[in-house]
Amino acid sequence: MAGKRDKPTKKGAKVKTKDTKQAASPSDFPRGGANGLTPLEFREIARQAEHEVLFSDGVTGSQTDTKTRPKKLKSADAGFAGTDDRTTDTTLADGERLCQVESLSIKKLTKGALVFGIVSAIYELELRVSLPNGLVGFVPITSVSPELTALVEKAAEAAEDSDSMDVDTDSDSTQDDALDLSLRFFIGQFVKCAVVDTVNGKSGAAGKKGKAARVELTLVPAEINSRIDRDDICEGLIITSSVKSVEDRGYVLNTGIPGAEIAAFLPVNDAQAWIDRWTLNSDELKPGQLVEAAVTGVSEDRRSLRLSIDPMVVSQATAKETHKTMASVQPGQLVSATIMKVWDRGLSLRFMGFYDCCADLNGIGLLDARDKADIGLKYPLGSTIQVRVIYVSLTAAAKVITVSVLPHVLAFNPRPGLTGYETPAAARLASSSKFSNDNVDRDVDDTMADKHMWPIPYGTILDDCMVAGTVGSIGLALQLSTTDSVTAFVLATQLVNEDQPKPTLHKQSGQFHIGTRHRARVIGYDAIDAIVRVSLRPSVVDEQLFTISDARPGAVVSGTVVKFRENGVE
């Protein structure tokens, strides 16, 4: 029969009850449409039905081989995980299908998907957010919270009025505070984001740089929490919230959860540790400020919540109840997951006994893994590990949940550890000392505004980097001789100068085989992946004037005339 294929019942799905005989023989004329099932049996059947809907391939058994056989991932679309298994079989011995390991890329980001990120730069009217697998997103000031948007609109109206009348300096100061994102965010802050739009990069004309790809994001709680089912709200759930108002004993928060309005309150005592650690020049949170808060108390009708943003509480928070729907799964949630399959490119896992997820080589911190045997040594099949959800996409075409086991992500800490290269400001991200946003460069045209916060500053030359592994044809994973807190990665396009042919990467042969050592220069940093991007190009590594700080008075330099001006030459 055409239609959805019947799938074998999951082992252990049938629940035994004390009154099995009565449930099997319902009365001849049940009142009220009774079905003879106990509430526990009904709930289990409902969960199995949802599993059929979420994971059914939608074709008959005879069509499975031709229509649903998983396609082999192309290395160009696989992010860092450019290697594939020799088999694409995702079916277990009992017939259950697992999700394939997929690495996030701009082509795979879907509108409405939720993704975990780290604020990497604070500009005047927007934030830059580091996303998994080297992706970067941007959040305009009007997509942070409704409270902040209202303040921005009020400041804009006041600015228009000031054109026609005198405005006192105190009022000007208040307006500036409303528009200052650095007073409400800090570099290194974890945030949940919803994807609004993706714009693919465009190649430029010959000799000119093309337009970079751009991911538009929103942090508005109503957009992030729109799919949370009220029945899934429980202690340990991490909810994105914005400060609605400041009260004597705490803060009223806006969760944006749909349905009847939910009252969420953050007591002063549960906010103080976070304020002491991260808030600058203030002893309280500001209206419109965004926080990731853990639920510590829920009323019986689930209409009143008590929240905490204490860093220790949030980092260890786990949902006390199993979600009844996949839609309630959120990025940032810490869960215990069982390893169902080990691949050459990562892991397939299952959490809450029901929901499938995956972690690529990036997410498990094994970019240098040579095969599934290497991965299996650290993550044995069948073992249970703690993971944190970093991506959730629930479309009609596919349901994808991606997780990470990186230490700093699990610990909800901006940085995994000290490298010894940091500036004092950057070192505070990896320590418990008071954070400071001093000297943050907020020039919106400066794409390296956060370079002073990297674990290894931009432009630093690393004299001894060993090739630890090849990542398909995409690039190389490098091991730094001076630190193991971060991993270094170099794209294949950054191995040789532009006028030379792109080298072929092999594990055991060639100029860049495993074990060879090279000089490199830092050119980027992916905060959520804790990966330092480097270049091995001689033209980059040997450049004497790589940054403005390299210029010295009296130094002799050579240059090329680009343009003549009335007052000089450029």
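Glu-153, Glu-157, Glu-160 and Asp-161 gather on the surface as a patch of negative charge. Patches are made of residues with over 30% relative accessible area and no salt bridge, like charges being joined within 9 Å. Asp and Glu count as negative, Lys and Arg as positive, and His and the chain ends are not counted. The place of a charge is taken as CG of Asp, CD of Glu, NZ of Lys or CZ of Arg. Glu-157, one of the patch residues, is found in helix α4, residues 146–162. Helices (H or I, at least four residues) and strands (E, at least two) are DSSP runs, numbered from the N terminus.

This is a predicted model, in which local features need pLDDT of at least 70 and side-chain atom pairs count only at pLDDT 80 or more, while totals for chains, interfaces and linings use all residues. Residues are numbered from 1 along each chain as its sequence is written, and side-chain values use heavy atoms, with hydrogens and water left out.

The next topic is the aromatic rings. A search of the whole structure finds 9 aromatic pairs. Rings of Phe, Tyr and Trp (its six-membered ring) pair if their centres lie within 6.5 Å; planes under 30 degrees apart count as stacked, over 60 as edge-to-face and the rest as tilted. Phe-116 and Phe-190 are stacked, because their ring centres are 5.1 Å apart and their planes stand at 15°. Phe-116 lies in strand β1 (residues 114–122) and Phe-190 in strand β4 (residues 190–199), so this pair ties together parts that are 74 residues apart in sequence. Phe-116 is buried, at a relative accessible area of 0%, and Phe-190 is buried at 5%. Buried means under 20% relative accessible area, exposed over 50%, and partly exposed in between (1.4 Å probe, protein chains only). The areas come from the Shrake-Rupley method.

Tyr-458 and Phe-546 form a tilted pair, with 5.2 Å from centre to centre and 35° between the planes. Tyr-458 sits in the loop between α12 (424–427) and β16 (461–471), and Phe-546 in the loop between α13 (538–541) and β21 (564–565), so the pair links distant parts of the chain, 88 residues apart. Tyr-458 is partly exposed, with a relative accessible area of 24%, and Phe-546 is partly exposed at 22%. Ring pairs also link Phe-116, Phe-190 and Phe-412 into a cluster.

The whole structure holds 13 salt bridges, each a side-chain nitrogen of Lys or Arg within 4 Å of a carboxyl oxygen of Asp or Glu. One of them joins Glu-126 to Arg-214, at 2.9 Å from N to O. Since Glu-126 lies in strand β2 (residues 126–130) and Arg-214 in strand β5 (residues 214–218), the bridge ties together parts that are 88 residues apart in sequence. Glu-126 is buried, at 15% relative accessibility, whereas Arg-214 is partly exposed at 27%.

Arg-306 forms a salt bridge with Asp-270, with 3.1 Å between the closest N and O atoms. Arg-306 belongs to strand β10 (residues 304–308) and Asp-270 to the loop between β8 (263–267) and α7 (272–278), so parts 36 residues apart in sequence are tied together. Arg-306 is partly exposed at 43%, and Asp-270 is buried at 17%.

In the salt bridge of Arg-350 and Asp-356, the N to O distance is 2.6 Å. Arg-350 is buried at 7%, and Asp-356 is buried at 5%. Salt bridges that share partners join Glu-126, Arg-214 and Glu-216 into one network.

Terms used. Patches are made of residues with over 30% relative accessible area and no salt bridge: like charges are joined within 9 Å, nonpolar side chains (Val, Leu, Ile, Met, Phe, Trp, Tyr) within 5 Å. Accessible areas come from the Shrake-Rupley method with a 1.4 Å probe; for residues, only the protein chains shown count as cover.
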